[in-house]
Structure formats: C-alpha cells, structure tokens
Amino acid sequence: MKIAILGFGTVGSGVYEIAKTLKNIEVKKVLEKDLSKINIATDSYDEIINDKEIELIVECVGGLHPAYEFIMKAIQNKKSVVSANKAVIAKYLDEFLKTVKENNVKFRFEASVGGGIPCLASIQKIRRVENIDKFYGIFNGTSNFILDNMYRLENKFFRSLKSAQKLGYAEADPSADIDGYDVTNKVIISFALAYDGFIKNEFPCFTMKNITKEDILYFKKQGFVAKYIGEATTKGNEYEASVMLNLFPINTLEANVLSNYNIITVQSYTMGEVKFYGQGAGKLPTANAIIQDILDIQAKISFNPISIEKKYTYSSNLFKHKYLIRSNEKLKGNFERIDRDGNNFYHYTKEITQADLLKLVEEKDYLVVKLSEY
C-alpha cells in the first residue's frame, strides 16, 4: 500500500521510520514546508490528493486547522485516513464518519487516545460481546508526570511543570494538559466507541493547576495519591462524565502509575475491570498505533463498526459521589468532615451529585477532588 504522511514532526517521522521496516507499506510523499527534511517531501497537498497511487493519508499536522480540511479533502477524494489528532477528531468525528460512509473509505484513530496503548481497539472488541458499564483513567502523561513529581520529590507545581517542559513532555503553553482540554477530547472519543454516541464538552472539567505541594503532603499523610482522571458512564439515554483530580489509596494500581505513563480502565459485566497501561504518547509508541491502523485497513480488519447514531443527554444528577474541596476559609454547608492543615481547610462532602458539587464551588478558585470509588 502506498501512503502519504502529512507533517514530518515527531509523530510523522516516527511513522516513516517504522514504515521503512515493512515490505507492504511504502511512503510515497510527505507533506512538509521544509523540502530539505526528506527527499520525498512536497509542499503541495494537491500533488498528494491527485496521486491515484496513494490510497491512504496519515494526518500528523495536529490542531484543528488545516487538519480538518486535509482530512475532509482526502476522504472526499476516496482516500482512507489515519490520524492521532484528538482535537480535530473530538470536534468533527460526526462529519468525518458521515463523509467516510459516503465515499466508502476508512477512517481510523487508535493513536488519538492512549498513544501506543491499544485501548480503542479493545473497547471495540468488548463491544462485540456486551455493553460497557464505564471507563475511567489517566489519559494524559504530562499531568501524571507533574503529579508524580510533586508526590515523590515533594516539589511545587510549577517546578514540576518546568521539569515536564524541559523533558519535552509539556508544551510551552501547557494549558491543554493541565486545564483538562486534552483529557476532555479523549473522553469524547472513547465515549463514541464505548457507547455509540457523539457527545460535546458540556460535562465538568476542573483544572489541576490549583493543586499545591501542601495539598500533596496532606493527601500523603491521609494515605492518598492524587491523579488526574477522565471518566464516563451512561444510564439509559443520559450520561455522566468528568475530568478532575481523584484521590486513590496508595495500594491501588492508579496510585502507582509513575512518570508520564497512562492507565485506562474499561468495565463491563463479563470482563469485569480491564486495565490498559503504557506510554500514552511519544514518537514511536504513537507511530506504532498509526501503523497498526494502516495494516488493519490494508487487511480489511474491523473489530466493530463505528456508529455514533445514539443520542445522549448530559445529566448532572445521574449518580452521587464523595468529593473533597480545599479552600483557605471554612465553607458553610453540610459536610461529612472538615480538616484544617496549615492555612488550608479540607471539606469532605457526603455523597452528592455533580449538580450539588457545582453549586458548592460555583466559579471560585477552590481545589476540587473526587474521592475515588475504584
């Protein structure tokens, strides 16, 4: 199969590197402004689109635009597409799948969630047999590196963030990772495969940047480790989802996920809890997942057809959970317990709904943490 790669950065060059080792994939063109990077580079997308030998396009440019236009034009020109771009997939998945069906080609995006961890394919395999009850996990390696650094080295938040940036785990603008946009996108994509529905980012997403060294030390004394978690579940035609810090007991698997690793759990009736652990990003793990998608398309392998026809409504009153709210003053309310540690007050709620939680915290700059049930 002859393919083209759009973008020759970290992931694009990784795809090229692996493809060179395989006999059944040939990279014919690479879309790249800097033509000196590789001898098959072109700065003309039309040259790729009009090449009838190219059957599949790998989108590695990232972001919303021009990635959206590149993907749509490829599909409309009867070329299959593989992408790791969670931002564009989470926003336009409905349009992509509709256009794919009209043009009888394939669109795969395993690498968009969990990098090299085959969690989306596994969700599809589980769905062939039964429904999924819920999924949750550490979807973002940068946020996990920061929290792990704070816990093990007892560093402050911004010192840990600087370490992540120095090692290349965090961007110069880290907002996608620490404010939850990246995890939100991955929850939306995972939901589509788990529940056959396309939801929007209307569920709560709490930033993790309010957590301090003092919080980490307090949680450590209580026997807990903080992790940044995305999760979703459904009940009938309603769903609940969130992106927020969770506290896990020190002896749980999630509490012991170190550095920039991810762990994603899928729960169903006959399988129980299945956990997928590994590198959630990086050049070669992500490229490996892209190559796997290419080989599946070439071999006409489909684990479960992707459909997002079901309609779900977000409900903030679906389930009840326990939360912890940290502030520098004692809050009014019917709390299960309130601890004071230094200048901080830690308020433990009874089991309340997301709606109740949002009323309690409103728009204030409190630290909001879920007490994990797992």
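This is a predicted model: local features need pLDDT of at least 70, side-chain atom pairs count only at pLDDT 80 or more; totals for chains, interfaces and linings use all residues.
1. Residues are numbered from 1 along each chain as its sequence is written, and side-chain values use heavy atoms, with hydrogens and water left out.

2. The buried residues are C119, L120, A121, S122, I123, Q124, I126 and R127, and what covers them includes strand 7 (132-138), helix 9, strand 10 (261-268) and strand 11 (272-279). Helices (H or I, at least four residues) and strands (E, at least two) are DSSP runs, numbered from the N terminus.

3. Helix 3 (residues 67-76) is mostly covered as well, with 7 of its 10 residues buried, namely A67, Y68, F70, I71, M72, A74 and I75. Helix 3 is followed by K78, whose phi is positive, near 65 degrees.

4. Helix 9 (residues 181-195) also packs with helix 4 (residues 86-103), at an angle of about 50 degrees and with the axes 9 Å apart, which makes helix 4 oblique to helix 9. Angles under 35 degrees count as roughly parallel, over 145 as roughly antiparallel, 65 to 115 as roughly perpendicular, and the rest as oblique. The contact (heavy atoms within 4.5 Å) is made by K86, A87, I89, A90 and L93 of helix 4 and by D182, N185, K186, I188, I189 and A192 of helix 9. By class, this contact has 7 nonpolar, 1 polar and 3 charged residues, where Ala, Val, Leu, Ile, Met, Phe, Trp, Tyr, Cys and Pro count as nonpolar, Asp, Glu, Lys and Arg as charged, and the others, Gly among them, as polar.

5. D177 lies in helix 8 (residues 175-178) and, at 11% relative accessibility, counts as buried. Leaving aside neighbours within four places in sequence, D177 is in contact with N140, T142, S143, Y169, A170, D182 and Y228. Its side chain reaches the side chain of N140 in a polar contact of 2.7 Å, a term for a pair of N or O atoms within 3.5 Å of which, within protein, one must be able to donate a hydrogen and the other to accept it, residues adjacent in sequence counting only if both atoms are side-chain atoms.

How values were computed: Axes are lines fitted to C-alpha atoms, for helices over the stretch in contact, and angles run from 0 to 180 degrees between N-to-C directions. Buried means under 20% relative accessible area, exposed over 50%, partly exposed in between (1.4 Å probe, protein chains only).
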